[in-house]
Each structure stands twice: as structure tokens, then as C-alpha cells.
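Please open the model in a viewer and follow the selections below in order.

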Amino acid sequence: MMTIEECRNNIGRIVTYIPFQGCDKSLLETGVITSVNDKNVFVRYGSDINSKATRPEDLTLWVI
């Protein structure tokens, strides 16, 4: 679970989209934060060309 500010500070980093707590692992998606506005985080998932608007609270930052 991230905030808009955390996402803004981590543009270019890998995140995991978690649609709801306890969901099946097959529903998780991995992508890269490409931009952030005042409400949404734009994430390019997998081999997609375009980014998708995502709620920041549905994202978790990868820690390597």
C-alpha cells in the first residue's frame, strides 16, 4: 500500500498491483511506475505499450 507521494518519489521503479488483500497470486500484476498525477499512478504492466491509471493504495513497491 503506497501513497501518491511515495509513488511520485519512485517513478521508474517496479511495483506489484494487488487488487484486494488475500487475492489469489494469479491476480497480481507487476509493472513500472511511469508517472503520477494528483489522484492516480500510471503503471506500465508487463508487455503493455501504454500505462494504466492505478490507485496508489493498490500498489506495493518491490524491494530488491
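A salt bridge is a side-chain nitrogen of Lys or Arg within 4 Å of a carboxyl oxygen of Asp or Glu. The model is predicted: local features need pLDDT of at least 70, side-chain atom pairs count only at pLDDT 80 or more, and totals for chains, interfaces and linings use all residues. Residues are numbered from 1 along each chain as its sequence is written, and side-chain values use heavy atoms, with hydrogens and water left out.

Select D48 and K52 to begin: their side chains form a salt bridge at 3.4 Å, N to O. D48 is partly exposed at 30% relative accessibility (buried means under 20% relative accessible area, exposed over 50%, partly exposed in between; 1.4 Å probe, protein chains only).

Next, select R55, E57 and D58, which a network of salt bridges links. Between E57 and R55 the closest N and O atoms are 3.5 Å apart.

Move to E5 and R8, a salt bridge with its closest N and O atoms 3.2 Å apart. Both lie in helix α1, 3 residues apart, and so are separated by about one helical turn (helices are DSSP runs of H or I, at least four residues; strands are runs of E, at least two; both are numbered from the N terminus).

Now select M2, I4, C7, V15, I33, V36, V41, V43, Y45 and L59, the 10 residues of the largest nonpolar core (buried Ala, Val, Leu, Ile, Met, Phe, Trp, Tyr and Cys residues joined through side-chain atoms within 4.5 Å). Strand β3 (41–45) gives the most to this core, with 3 residues.

Finish at N10, in the loop between α1 (4–8) and β1 (14–17). N10 is buried, at 13% relative accessibility.
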